[in-house]
Every structure is written in structure tokens, then in C-alpha cells.
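This briefing is for a reader new to the structure. Please look through the sequence and the model first; the notes after them are grouped by topic.

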Amino acid sequence: AQGPNARVLGPDLSGWACYCYAELDRGGDNFATHADRNAHGGTPFLQWWLGQVAATDRLHGQRSLDLLDVHYYPQAQGVFSEGHDPATQALRIRSVHALYDPAYSDESWIGSPVHLIPRLKQWIASEYPGTGLAITENNWGGGKDARGAGARAEGLGVYGREGVDGET
């Protein structure tokens, strides 16, 4: 009400585990049983969260969230580092594919396709249509390496092409 043109972002989560599981899933078994996710029908945390925000907003008759906000840091070993050997440089560039490519299996502990932007947009469409997407932190490492800058530039290009609404 104080800033009617201000955009509200949330929940500002970072990483695959946080997108998919609530902190309650950590429990005493370090995410082994996914008790909280299972209590919500197996729905990934962010998708469930968006549904909860939408339901609350319907109850109050007004929208409280403009942009779903996440942070993204590639998880493959060495990518988010100052490493500049040829293998790390190539991996850094390939890791950008996790943002959009359903055929790219993430070369990290995740070990499966992430296709982050389409996945988040699908969750938004199913749970809280009209919400934008922001990725307000990201880093591909290689801050002293041209390939690090190249990966960052490619990531920003993907954000534009895939319709990410906010980035910092």
C-alpha cells in the first residue's frame, strides 16, 4: 500500500535442494525420507509454496507476490571457483544448459535434467499464473577467466531469451 509500484519478490531461495524440499525435509535423516514433501503429495517445495501464496491471496482478495525469486549457482565440481584449466572452463560453459535444456543432465550431484527456467515457469503457470520470475543471484565462477565471463554472458542471454523478468 505504501509503494503501489513496488514489485514484491520471494522467497529468495538458493539451490536445487531448496527448490525441491523444505527445510523440514532435512529432519534427523538429512533429506532421506522427505517427510514434509511427502506430506504435501510429493509436490516440490517451491511449487507447493506458490500454491499456498495463491490460496492466501485469493482469501484476502489481493496479490502479494509479483516475482518468484531464486538464486542459481551451478553445482558441478569446480564450476563455482577460480579454476581455469580447460576441463573446468568447458564444464562452466556447458553448465549454462541447466537453465533451459531438458536434455542436459546436470554434471553434479544432481545428476538429472534441471531445465530450471522452464521448470519454474511451469510451476508458476500451474500454481500462481501471472507471477513473474527473477533470478537475483547467480555465479558461474571463473572471475579471472574469459570463460567465466562467457558463461555469465551466456546465462544472461538465456535469461532474456527464456523470459526471466528480473536479474541482478
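Leaving aside its neighbours within four places in sequence, which residues is Asp-25 in contact with? They are Phe-31, His-34, Ala-35, Asp-36 and Arg-37, where contact means heavy atoms within 4.5 Å. The model is a predicted one, in which local features need pLDDT of at least 70 and side-chain atom pairs count only at pLDDT 80 or more, while totals for chains, interfaces and linings use all residues. Residues are numbered from 1 along each chain as its sequence is written, and side-chain values use heavy atoms, with hydrogens and water left out.

**Asp-25**

- Asp-25 is found in the loop that runs between helix H1 (16–20) and helix H2 (35–39); helices (H or I, at least four residues) and strands (E, at least two) are DSSP runs, numbered from the N terminus.
- Asp-25 is buried but has no salt bridge. Buried means under 20% relative accessible area, exposed over 50%, and partly exposed in between, with a 1.4 Å probe and protein chains only. A salt bridge is a side-chain nitrogen of Lys or Arg within 4 Å of a carboxyl oxygen of Asp or Glu.
- The nearest side chain of opposite charge to Asp-25 is Arg-37, 6.6 Å away; Lys and Arg count as positive, Asp and Glu as negative, and His and the chain ends are not counted.

**Strand S2**

- Six of the six residues of S2 are buried, so the strand is largely enclosed by the rest of the structure.
- One side of S2 carries Leu-67, Asp-69 and His-71, the other Leu-68, Val-70 and Tyr-72, and both faces are covered.
- Strand S1 (residues 9–14) pairs with S2 in the parallel sense over five bridges, and two strands pair if DSSP finds at least two bridges between them. Opposite Val-70 in S2 stands Leu-13.
- S2 also pairs with S3 in the parallel sense, over six bridges. His-71 has Glu-137 in S3 as its bridge partner.

**Salt bridges**

- Side chains of opposite charge can pair when their charged atoms come close.
- The whole structure holds four salt bridges.
- One of them joins Glu-23 and Arg-26 at 2.7 Å, N to O. Glu-23 is exposed, at 54% relative accessible area, and Arg-26 is partly exposed, at 34%.
- Asp-145 and Arg-92 form a salt bridge at 3.6 Å, N to O. Asp-145 lies in the loop between S3 and H6 and Arg-92 in helix H4 (residues 86–95), so the pair ties together parts 53 residues apart in sequence. Both Asp-145 and Arg-92 are buried.
- Glu-162 and Arg-161 form a salt bridge at 3.0 Å, N to O. Glu-162 is partly exposed at 24% relative accessibility, whereas Arg-161 is exposed at 52%.

**Aromatic rings**

- There are four aromatic pairs. Rings of Phe, Tyr and Trp (its six-membered ring) pair if their centres lie within 6.5 Å; planes under 30 degrees apart count as stacked, over 60 as edge-to-face and the rest as tilted.
- Tyr-72 and Trp-140 have ring centres 5.8 Å apart and planes at 50°, so this pair is tilted. Tyr-72 is in strand S2 (residues 67–72) and Trp-140 in the loop between strand S3 (132–138) and helix H6 (146–162), 68 residues apart. Tyr-72 and Trp-140 are both buried.
- The charged end of Arg-63 sits over the ring of Tyr-128, 4.0 Å from its centre. For this, NZ of Lys or CZ of Arg must be within 6 Å of the ring centre and within 35 degrees of the ring normal.
- Arg-161 lies over the face of Tyr-100, 4.5 Å from the ring centre.
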